[in-house]
Amino acid sequence: MASITAVYSTEALKERNAQQYKSMTGKVHPPLLKALDSMGYEYMTPVQQKVLTELPSFKADCLVQAKTGTGKTIAFLLPALHSLLTEQTVPAGQVGILIVSPTRELALQIAKEGDQLTSQMPRRIECHTAFGGTKKEQHLKTFLNGKPTVLVATPGRLNDYLSDEYVRDKFTNLRTLILDEADTMLEAGFLPDITRILNALPPKAQAGWQGMCFSATMPEKIKGVLGKVLKPGYTHLSTVDPNEVPTIDSVKQFSIVIPTVSDTFNCLHALIEQEQAQSPNDFKAIIFGTTANGVALFHDLFEQLCGNTMKIYQLQSRLSQNVRTRTTDEFKAASSGLMFASDVIGRGMDFQGVGLVIQVGLPSNGEQYVHRVGRTARAGNEGRAVIMLTDREKYFLTVNKHLPIQPYPMATSASAPHSSAPKVHQALARVSEDTKRKAYQAYLGFHKSFLKQLRLDSVGLVALANEFAAAMGCPEPPMIDRQVVGKMGLKGVRGLNIGVVDKGPSRRPPPGPVKMAGTRPPPNPTGPKSAGGAPARKRVSEQNGQLNGGVQKRGRGAGSGRKGGRTKAHQGPPGGEA
């Protein structure tokens, strides 16, 4: 069976006497059954069997609860496509099935399976996608000029489409609306988007479109919102045993508290080496970072450390969509390797064979922690999860006592991080300064959201970030553009290396010296020659409001800064994708 339903192998389903798809002959459109056979789907997973045999009709509204990775995609695509093909009432060029997904990776995964499921049709059914991070105009043109019978979209980009009356006309013949990962979609973060989408679509009462909500979890607080998508009397199906131990409780979970942020890289390397020693031939792990640029730093570091012995991957929002799609496919197919990731894969994505999840730094909240841990212990396999926190960050363990997290086994050698130090130091020296600068800036931005919990003020935050910079091997804190400092609310905070950062692709120097308001230009505007022969661009930096030519003495801005800063509740910046 294909990896997208990796929780159940064909052999496991056969042993459970699962119902075969061929039993649906005469009930499901023949080309769909033929496609399932070509995809290697012989037996139904429990959620597929529930939907296909217990729904009053394939057009019925339903709320379906099942764990992630159990075959939900087929469970909602099959009845929706069958009804569409049977009725044939959707004009060419109109959207008949609309699937809303929380992430573009999951949207691509759904669309790929949709293409496979319709591959045996005499006439092609187009399955389109719409999500952020891509060329909007180009994709919109493809959408408008094509025949998007099926559209899989993320909420933000779908709202962009529906805000245009001409584009909105494409949805006048909608037959089925599917919310995948419905709890996430209807939680506070997505509720406004879903509300706008529903207001823009043909009214359910008049159009009579089918509503289907699928999710791994279904908290009580969202049930009142389901009335916006499901009509009264909808069918509620579940394959989750209320007495079953939740998946996260079956994962062995550990915490490592390191003294300071300076120990991060050495301890992470030591941890990965020790965990790999337990599964040397099929070691496959996902390491979550707090920001996209922080993930890029980890990836480049471990490419230097381990790139000759194992495959190193990264998935984060700063990568192009083509790269992310290719990387996703490669890691799915891989039997081993390290994936450094942000929360673009925190939920809904299924990677078979992942035996370990490591989280470095604070999750935005307990729910995010749980979703990340859910990337392991799939397909009935055992899994482990480790969260690495600094002494300041260990409050996360206190406020989430309900999570079954235990201290990492004492068998871990106390000298392991120290033995890793020389190798890590040499590897960091080969990581580009630009990568370090971006990671430093992202570190500042992310942790500013946690000043109160970390018992820091702005001065203490900068001191902490400068300690992180020193751990990266930076001779001085990386320069931050003065405009960025202003946006962060850190103007005037001592310890920052403030200047004008060239964001353009060109490495050529500006036509004249960089001049700051209220300052004189630096001497020797022509400057020394760079390695390429062109004059090297002068950096101008500010410390405590004074020019110093980009040189900072170590230790400035240090201090505990333990006065609590003003911050919101325990939640990070949207998406954590700095």
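Arg-437 forms a salt bridge with Asp-434, and the closest N and O atoms of the pair are 2.9 Å apart. The structure described here is a predicted model. Both Arg-437 and Asp-434 belong to helix α18, where they are three residues apart, or about one turn of the helix. Arg-437 counts as buried because its relative accessibility is 19%, and the limit for a buried residue is under 20%. Asp-434, at 32% relative accessibility, counts as partly exposed.

Lys-436 and Glu-433 are three residues apart in helix α18 (residues 433-447), so about one helical turn separates them. Lys-436 has a relative accessibility of 2% and therefore counts as buried. Glu-433 has a relative accessible area of 48% and is partly exposed. Another salt bridge is found between the side chains of Lys-394 and Asp-391, at 3.0 Å from N to O. Here Lys-394 is partly exposed at 39% relative accessibility, and Asp-391 is partly exposed at 34%. The count of salt bridges comes to 13.

The protein chain contains 21 helices and 18 strands. Seven of the strands form an open sheet with parallel pairing, in the order β10-β11-β9-β12-β13-β8-β14. The edges of this sheet are β10 (312-315) and β14 (405-407); each has a single partner strand, so one side of each is left without a neighbour in the sheet. On average, neighbouring strands of the sheet are turned by 25° against each other, direction ignored. In general, strands of a sheet pair through backbone hydrogen bonds, in either a parallel or an antiparallel manner. Within the present sheet, strand β8 (residues 252-258) pairs with strand β13 (residues 384-390) in the parallel sense, over seven bridges. Val-257 has Leu-389 in β13 as its bridge partner.

Helices lie across parts of this sheet. Helix α12 (residues 264-278) lies across β8, β9 (284-288), β11 (337-341), β12 (356-360) and β13. The helix runs at about 165° to β13. Helix α14 (residues 321-333) lies across β9, β10 and β11, and runs at about 135° to β10.

Helix α10 (residues 191-200) includes the buried residues Asp-193, Ile-194, Ile-197 and Leu-198. These residues cover an arc of only 130° around the axis, which puts them on the same side of α10.

For the protein chain as a whole, buried residues make up 53% of the 578 residues. Among contacts between residues at least 6 apart in sequence, 77% join residues at least 24 apart. The accessible surface of the protein chain comes to about 26200 Å², and 51% of this surface belongs to carbon and sulfur atoms.

Terms used: Residues numbered from 1 in each chain as written. Predicted model: local features only at pLDDT ≥ 70, side-chain atom pairs only at ≥ 80, totals over all residues. Heavy atoms only, no water. Pairing = 2+ DSSP bridges. Helix = DSSP H or I, 4+ residues; strand = E, 2+ residues; numbered from the N terminus. Axes fitted to C-alpha atoms, helices over the stretch in contact; angles between N-to-C directions. Contact = heavy atoms within 4.5 Å. Salt bridge = Lys/Arg side-chain N within 4 Å of Asp/Glu carboxyl O. Buried < 20%, exposed > 50% of the residue type's maximum accessible area, 1.4 Å probe, protein only. Arc of directions from axis to C-beta. Areas by Shrake-Rupley, 256 points an atom, 1.4 Å probe, with all protein chains shown as cover.
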